[in-house]
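Thanks for coming. I have one structure to go through today, and I will keep to what can be read from the coordinates. Please have the sequence and the model open.

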Amino acid sequence: MATINVGVGDVYVVDYDTSIPVDSTIEVAANKIPHTSGGVTFDYTANNTAITDDKGVMVDRAKEDESLTVRIGILEDMVDMYEWLSETAKIEDTDPTNTTISIGGEVQSGKKFIVRYVHTRKSGKKVRYTAIVLPADGFSEPYTKGTAKIVDCSLTATPMNAEGKLLEKKIEK
């Protein structure tokens, strides 16, 4: 498994429709996770099978499957984050003073989301990582005395195109 730990930067999450919008549409305050802790990690795994001849000599490899998991530590609660933390999340404004978030039961949206991580180098040039993800495979929301609450989530990437691309990294020149 290859892990790409990308350091300090900004994380944006937006609904995915049929295409990835331009950078200036994704990278706005309304789409930004205000504060993260533990950074963002992209875990890529590929499982290959060796193809050998009758003498046991490997002549090729065949890719069986591959996966990309995006891990984010979220330091600040955002009501709408629960849509991408759980496909069963139901968010309701139950009265003028409360919003109720329910987890479990029927799938609510079937949505996909774009996760964009942007690291700005000392030169001011940006490195952008983009993945299309399904709602989280789970999340942890601990409340521990004396420590900040960090919501840890793992999001599974889904192919971005017919070729099966899971992650795109763009480096400004």
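**A walk through the model**

E92 sits in strand β5, which covers residues 90-95. Is E92 buried, exposed or something in between? The relative accessible area of E92 is 33%, so E92 is partly exposed. From E92 to S102 there are 10 residues in sequence, and the distance between their C-alpha atoms is 8.5 Å.

Now the chain as a whole. There are 2 helices and 11 strands. In sequence order the pattern reads β-β-α-β-β-α-β-β-β-β-β-β-β. The C-alpha trace spans about 75 × 45 × 40 Å along the principal axes of the chain. The chain has 173 residues, and 31% of them count as buried. The exposed surface comes to about 10500 Å², with carbon and sulfur atoms supplying 48% of that area.

On contacts, take the pairs of residues that are at least 6 apart in sequence: 58% of those contacts join residues at least 24 apart. On charge, I find 20 positive and 27 negative side chains. The centres of those two sets are 10 Å apart.

Which residues touch the most other members of the largest nonpolar core? That core has 28 residues, and the answer is V70, I72, W84 and L155. Several elements give two or more residues to this core: β2 (10-16), β3 (36-52), β4 (58-74), α2 (81-85), β7 (112-120), β8 (126-133) and β10 (151-158). Another core lies apart from this one, with 7 residues, including V14, I114, I132 and M160.

V70 is worth a click. Setting aside residues up to four places away in sequence, V70 touches V40, T41, F42, V115, A131, V133, C153, S154 and L155. You will see F42 from that list again in a moment.

On to the aromatic rings. How many aromatic pairs does the structure hold? The count is 2. In the pair of F42 and Y129, the ring centres are 5.3 Å apart and the planes meet at 20°, so this pair is stacked. F42 belongs to strand β3 and Y129 to strand β8, and the two are 87 residues apart, so the pair links distant parts of the chain. Both F42 and Y129 are buried.

The other pair is Y117 with Y129, and this one is tilted, at 6.1 Å centre to centre with 55° between the planes. Because Y117 is in strand β7 and Y129 in strand β8, the pair ties together parts 12 residues apart in sequence. Y117 has a relative accessible area of 1%, so Y117 is buried. Y129 has a relative accessibility of 6%, so Y129 also counts as buried. Taken together, the ring pairs link F42, Y117 and Y129 into a cluster.

Two more residues before I stop. T158 lies in strand β10. Its relative accessibility is 13%, so T158 counts as buried. What is T158 in contact with, leaving aside its neighbours within four places in sequence? The list is K112, I132, V133, L134, K165 and L166. T45 is 113 residues from T158 along the chain, and their C-alpha atoms are separated by 13 Å.

E76 is in the loop between β4 and α2. At 33% relative accessibility, E76 is partly exposed. Apart from neighbours within four places in sequence, E76 is in contact with P34, H35 and M81.

To recap, the largest nonpolar core has 28 residues, a separate core has 7, and the ring cluster is made of F42, Y117 and Y129. Again, the model is a predicted one. That is what I have.

How values were computed. Residues are numbered from 1 along each chain as its sequence is written. This is a predicted model: local features need pLDDT of at least 70, side-chain atom pairs count only at pLDDT 80 or more; totals for chains, interfaces and linings use all residues. Side-chain values use heavy atoms; hydrogens and water are left out. A nonpolar core is a set of buried Ala, Val, Leu, Ile, Met, Phe, Trp, Tyr and Cys residues joined through side-chain atoms within 4.5 Å. Buried means under 20% relative accessible area, exposed over 50%, partly exposed in between (1.4 Å probe, protein chains only). Helices (H or I, at least four residues) and strands (E, at least two) are DSSP runs, numbered from the N terminus. Contact means heavy atoms within 4.5 Å. Rings of Phe, Tyr and Trp (its six-membered ring) pair if their centres lie within 6.5 Å; planes under 30 degrees apart count as stacked, over 60 as edge-to-face and the rest as tilted. Accessible areas come from the Shrake-Rupley method with a 1.4 Å probe; for residues, only the protein chains shown count as cover. Lys and Arg count as positive and Asp and Glu as negative; His and the chain ends are not counted. The place of a charge is taken as NZ of Lys, CZ of Arg, CG of Asp or CD of Glu.
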